[in-house]
Structures are given as structure tokens and as C-alpha cells.
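Subject: The model, and some notes on it

Hi,

Here is the structure I promised to send over. My notes follow below it, so please open it alongside them.

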Amino acid sequence: NDVLHRLFLKNEYSKGEVKSTIAPSMDISVASNFERLLYDLNKSKSEKVRSMMENFPISSISLSNDQRKTSQAFFNSIPSSDEEILEEISRNISSNNYLMDTHTATATRAANILADPDEPVVSMATAHPVKFRDALDDLVPKEEVPVPSQIKDIFDKQEDFRIVKNDIDDIKSYIMSNIT
């Protein structure tokens with residue numbers, strides 16, 4: 001689940017196998033905003049982006065040397081295993097008495113490794129740890145993970161969703177028929 005890391009490290013953006021982890025937002029093989037990055041790197045030339053994307057995911061995407069330099073000036077990355085994420089959460093509990101979620105731990109671990117130690121880093125929590133109670137079992141007993149009053153009832157609610165055929169006209173029709 002390191003599609004962007006591979007791009008920044010090896011200049012290879014290719015769809016790979018997705019493995020389930022304790023940080024499910026990282027369980028992707030195609031980054032949701034990648035086309036936006038390409039658009040910026042291609043100086044807002046949508047035809048160039050379309051050309052790069054038209055054979056993806058069959059063919060991988062590489063950046064030009066200039067695009068790679070530009071992206072590396074903005075981005076740095078490292079992959080994190082489940083064990084490394086749990087170690088980061090545990091370290092934070094020990095050093096700061098703060099229980100963080102698995103996504104935030106992924107970010108703070110990267111910042112602790114990659115950031116200049118003389119530069120301040122701000123990391124914003126991305127979710128509440130209660131969302132990941134099962135992943136935190138070995139670190140904190142479930143009863144010690146506080147459940148905020150705003151989300152206590154969510155666990156008992158029934159999920160409501162509709163399956164819509166993967167067809168642009170069907171999707172448009174569904175949206176239009178449900179706008180109030």
C-alpha cells in the first residue's frame with residue numbers, strides 16, 4: 001500500500017495489490033488526488049494529464065525529471081508496517097500520555113523520521129482512536145478507549161447505502177433523483 005512512496009522513491013506509479021492494514025485509509029492502490037498532482041505538475045495542462053492517465057492502470061506512470069524534482073521538493077514519504085504504527089502509538093502513550101489513531105500515528109512516525117529535528121512539525125489528528133479499537137487491543141484495553149458522546153450511538157446504527165451500477169448515466173440519474 002505504498003503507491004505514492006514508490007512514485008517518490010522509484011518514479012513508478014503503478015497499481016499494486018492492496019493488503020488490509022490497521023490504517024485502512026492507507027489501504028489503496030490508486031491515490032484519490034493523484035490526477036490533481038499531475039495537473040499541477042503539468043502546469044494545468046489537462047490534455048497532458050489525460051495522456052498520462054489514459055493507459056493507467058495497465059501501464060505505470062513516470063514523471064519527467066523536472067516533475068520529479070518539483071514533487072520531491074514538496075513530498076517525502078516512508079512506508080509504515082502495522083507493527084511500526086503500533087510502536088508509534090505506544091511511544092506517544094508513554095511520552096505524551098496521548099492515545100492517537102492509526103492514521104495519525106502513520107503521519108507522526110513519518111514526521112519523526114523524515115523531518116529536520118530543528119524544524120517544528122504540526123500534526124493534526126485525523127480520526128478518533130475509538131474508530132480503531134480493534135487495532136489498539138494489544139496496547140489499551142477497549143474499556144480504556146474513551147468513546148465521545150457525539151459518536152456513542154453510531155455503533156448501533158444500521159448502515160444505509162445503495163449500490164449503483166458503474167455507469168456514468170446511472171450515477172447521474174441516481175444523484176438527480178435523490179436531490180431534494
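A pocket here is found on a 1 Å grid over the protein atoms alone: it is an open set of points where a 1.4 Å probe fits, with protein on both sides within 12 Å along at least five of seven lines, and its lining residues have an atom within 4 Å of a point. By that rule, the second largest pocket is lined by 15 residues, and Leu-37, Asp-40, Leu-41, Thr-70 and Ser-71 lie nearest its centre.

Before going on, please note that this is a predicted model: local features need pLDDT of at least 70 and side-chain atom pairs count only at pLDDT 80 or more, while totals for chains, interfaces and linings use all residues. Residues are numbered from 1 along each chain as its sequence is written, and side-chain values use heavy atoms, with hydrogens and water left out.

**Pockets**

The second largest pocket holds about 250 Å³ of space, a volume being the space filled by probe spheres set on the grid points, which are joined across faces, edges and corners. Helix 2 and helix 4 (65-74) each supply at least two residues of its lining, and helix 4 has the largest share, with five residues. Helices here are DSSP runs (H or I, at least four residues), numbered from the N terminus. By class, this lining has four nonpolar, six polar and five charged residues; Ala, Val, Leu, Ile, Met, Phe, Trp, Tyr, Cys and Pro count as nonpolar, Asp, Glu, Lys and Arg as charged, and the others, Gly among them, as polar.

The largest pocket has a volume of about 920 Å³. Its lining is made of 33 residues, and Asn-1, Leu-4, Met-26, Ile-78 and Thr-106 are those nearest the centre. Helix 1 (3-10), helix 2 (34-41), helix 5 (82-96) and helix 6 (102-114) each give at least two residues to that lining, with the largest share, five residues, coming from helix 6. The lining divides into 16 nonpolar, twelve polar and five charged residues.

**Cores**

In soluble globular proteins, nonpolar side chains tend to be buried together. A nonpolar core here is a set of buried Ala, Val, Leu, Ile, Met, Phe, Trp, Tyr and Cys residues joined through side-chain atoms within 4.5 Å; buried means under 20% relative accessible area, exposed over 50%, and partly exposed in between (1.4 Å probe, protein chains only).

The largest nonpolar core has 15 residues, and Leu-7, Tyr-13, Phe-34, Leu-38, Met-53, Ile-61 and Leu-63 have the most contacts inside it. Helix 1, helix 2 and helix 3 (46-53) are the elements that give two or more residues to this core, and helix 2 gives the most, with four. A second, separate core has eleven residues, including Ile-22, Val-130, Val-140 and Val-145.

Leaving aside neighbours within four places in sequence, Leu-63 is in contact (heavy atoms within 4.5 Å) with Leu-7, Asn-11, Leu-38, Leu-41, Met-52, Arg-68 and Ser-71. Over in helix 5 is Ile-89, which is buried at a relative accessible area of 0%. Not counting residues up to four places away in sequence, Ile-89 touches Tyr-98, Leu-99, Met-100, Asp-101, Thr-102, Ala-105, Leu-136 and Leu-139.

**Aromatic rings**

How many aromatic pairs does the structure hold? There are three, where rings of Phe, Tyr and Trp (its six-membered ring) pair if their centres lie within 6.5 Å, and planes under 30 degrees apart count as stacked, over 60 as edge-to-face and the rest as tilted. Tyr-13 and Phe-34 are stacked, because their ring centres are 3.5 Å apart and their planes at 10 degrees. Both of these residues are buried. Tyr-13 and Phe-56 have ring centres 5.1 Å apart and planes at 35 degrees, so this pair is tilted. Tyr-13 sits in the loop between helix 1 and helix 2 and Phe-56 in the loop between helix 3 and helix 4, 43 residues apart. Ring pairs link Tyr-13, Phe-34 and Phe-56 into a cluster.

**Backbone**

Most residues other than glycine have a negative phi, and most peptide bonds are trans. Phe-56 and Pro-57, however, are joined by a cis peptide bond, with omega about 10 degrees. Asn-11 has a positive phi, near 60 degrees, and is buried at 14% relative accessibility. Asn-97, in the loop between helix 5 and helix 6, has a positive phi near 55 degrees, but is exposed at 71%.

Best wishes
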